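Okay, thanks for making time this morning. Let me put the sequence and the structure up, and then we'll walk through a few spots together.

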Amino acid sequence: MVKLKAELEKIFGAAAVSDKEADLAAYASDKSFAKAMTPSFVVKAKNADQVEALVKLANEKEFPIIPVSSGAPHYRGDTVPSVPNAVIVDLSGMNKIMSINKLHRMAVIEPGVTYGQFQKELAKKGLHFAYTLAPRDTKSVLADVMDIEPRLNAVHGFSYTEPFRCIEVTWGDGNRMYTGDAANGGPVGSLEKQWSEEKWQVSPLGPMMTDFYRFVTQAEGTMGVVTWASVRCELAHQAHKSFFVTAETEKELLDFVWDVMHVRFSDELFIMNKAQVASLMGKDAKEIEALKKELPAWIVFVGVGGRDLLPQEKCAQQEADIKEFAQKHSLIPVNNIGPVTANAFYKKAITPSPAKKYWKETYKGAFQEIFFLSKIDDTAMFIDKMNDIAARLGYPASDIGVYVQPIHMATEYHICFTLPYDPTSAKETRLVKELFDKASVELAQAGAYYARPYGPWARIQLNKNAIGTKALERLKGIFDPKGIMNPGKITI
C-alpha cells in the first residue's frame, strides 16, 4: 500500500491523496442498505489527464476504481465499494462549466458541476436546464444526466437519454475517447478548436455506427470515467402558468394525463399522492402531518411555459386546452390545494434542496426508495400492490410517498415509492429494510422494470433476462477487461 500511495501521489500530488481514516470513512457507507466497506485511498482529480493516468495504473496494478462526482450524502449504494482495496476517484473538484451556447442551446460541463451552480450560470445567458424533482444541491448534474434521472418536462424528452449528448470518457481499459460530434468533426480532442469552427457537440451519435455514449448511462461507473459532457439546455421561460388537478383515486387522473401527454401539451406534468406533496412542501414533521390532513389524496401538477415567441399567448392557449381535457374527465383545475399554491409548489419542485435538510428526509429523518419504469396502464396496479405489501408487513401505507413521472414523451412512466422512517429506531429500520427487499421482488414479478439497477435490483432484473445478461458481460469485457471499474455493481 505504501508503494501504491507513492504512485498515486505522482499522478495527483500528495495533497490530493488520502488514506486517513476520517476521509475513507466518508466513502465507506451511505444512507442506503448497502454493506459498508472501507476503501484504501481517496484521490481528488483535477483534470482528465489525471483520470486517464489513474485508470492505466489500475490496470497495471489491478486495483478497483470507484468514480464519485456528487457531494455527500449518497443514497443508493453505487459509490460504496463492493470489494476491498478500492480507490475512490473524487471528481467533485472538476467543476468547470466549459461552454454555454445559447444559439445551439448546448453547454459543456465537468462532472463536479452541481445544479445550483449550473442554473445560476445558465440564467445569465437566458437559458435553463431541464429540472429533476428538487435535487439536492450537492448533486452532480452530469451524474444525474448519465443516470437518466427523470426530468419534469416529458414532452421535451426527444430520446430516452435526453438531455445527454457528447462525452469525453476514459474507458476501463485506459483508452480515452470522444463521442458524437466531438469525435466526428475535427480537430478531435480540442473543444476550443472545434468551437472556433462553430462545432458545438450537439449530436451524440457515433463515432461511426456505434453510439458509445449510451454505454455509460445507468452504468454506475462500471464502464469508464466521464470527464466532460455536452448537455442540451432550454430557453428560459418568459411566462409560466401552474395549476393542479386533483382526485380521490389515482385511477381518475390517468386518462387525463394520457390525453394531455398525447397531444404534447404542458412543460411540466407529474402525479403525486398527498404524502409526497406534504414531504416536499412541509418544513418539519409537524407541518407535514398537518398538510397530509388538508390535501386531496392525489394531485397532478401541470406547468405551461412560454418562451421568446408569444409567451403569454402560448400559456393561455395551452392552459385553456388542458382545462378542456380536465372537464372531459369531470376534473377541475385549481390554483391551490389547501395552503399550497401552484406557484409555490412549482418553485419548490425546481429548486435544489439543501443537502443538510434534504426534503425526503424532513418527515422522519431517513428514507428508502423503490423506483422503476412501467406503462401508464399498470400504474394503479403497482400502487395497489405496494400498499398491499406495506399493509401485510405493518408499514403505514399513508406514509408512502408516490411520484409518477412521464418520461420520453410519455412513452413510459417512472414510478417511485418513497418510504420514510426514523433511523434512530431499530424496529423501524428493520421494517423498512424488510419492506424494501420484499416489495422490490414482488413488484418485479408484477412487471416492474429496474432500468437503473442499484443494489439488489441488478440481480432481480438480470435474472429475468439471460441473453441480456450475457451481452452485458461481454460489453463489460470489451471496455473494462480487467474489471477494475466499480466491480460488484450491475452484476448477478
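The angle here is about 160°, and the two axes sit 9 Å apart. Those axes are lines fitted to C-alpha atoms over the stretch in contact, with angles running from 0 to 180 degrees between N-to-C directions. The contact, meaning heavy atoms within 4.5 Å, involves Leu4, Glu7, Leu8, Ile11 and Phe12 from H1. On the H3 side you have Gln50, Ala53, Leu54, Leu57 and Lys61. By the way, H-numbers and E-numbers are DSSP runs counted from the N terminus: helices are H or I with at least four residues, strands are E with at least two.

Before I go on, a word on what we're looking at. This is a predicted model, where local features need pLDDT of at least 70, side-chain atom pairs count only at pLDDT 80 or more, and totals for chains, interfaces and linings use all residues. Residues are numbered from 1 along each chain as its sequence is written, and side-chain values use heavy atoms, with hydrogens and water left out.

Back to H1, residues 2-12. Which of its residues are buried? Leu4, Leu8 and Phe12 are. Buried is under 20% relative accessible area, exposed is over 50%, and partly exposed is in between, with a 1.4 Å probe and protein chains only. Looking down the helix axis, those buried residues fall within an arc of 60°, so they line one face of H1; the arc is taken from the directions from the axis to the C-beta atoms. Over on the other side, Val2, Lys3 and Lys10 are exposed. And what covers the buried residues? Strand E1 (17-18), strand E2 (41-44), helix H3 (48-61) and strand E4 (87-90) are included in that cover. Just past the end of H1, Gly13 has a positive phi of about 90°.

Okay, charges. I'm calling it a salt bridge when a side-chain nitrogen of Lys or Arg is within 4 Å of a carboxyl oxygen of Asp or Glu, and by that rule we get 36 of them.

Take Glu319 and Lys323, with the closest N and O atoms 3.0 Å apart. Both are in helix H11 (residues 311-328), four residues apart, or about one turn. Glu319 is buried at 12% relative accessible area, while Lys323 is partly exposed at 29%.

Lys433 and Asp437 make another salt bridge, 2.5 Å from N to O. They're also four residues apart, in helix H14 (residues 426-445), about one helical turn. Lys433 is partly exposed at 30%, and Asp437 is partly exposed at 30% too.

Then there's Glu369 with Lys360, at 2.6 Å between the closest N and O atoms. Is that Glu buried or exposed? Glu369 is buried, at 10% relative accessibility, and Lys360 is buried as well, at 13%.

There's also a salt-bridge network linking Glu162, Arg165, Arg232, Glu234, Asp267, Arg307 and Lys314.

Last stop: Ala143, in helix H5 (residues 141-146). Ala143 and Glu220 are 77 residues apart in sequence, and their C-alphas are 9.0 Å apart in space. Setting aside neighbours within four places in sequence, Ala143 is in contact with Ser69 and Ser70.
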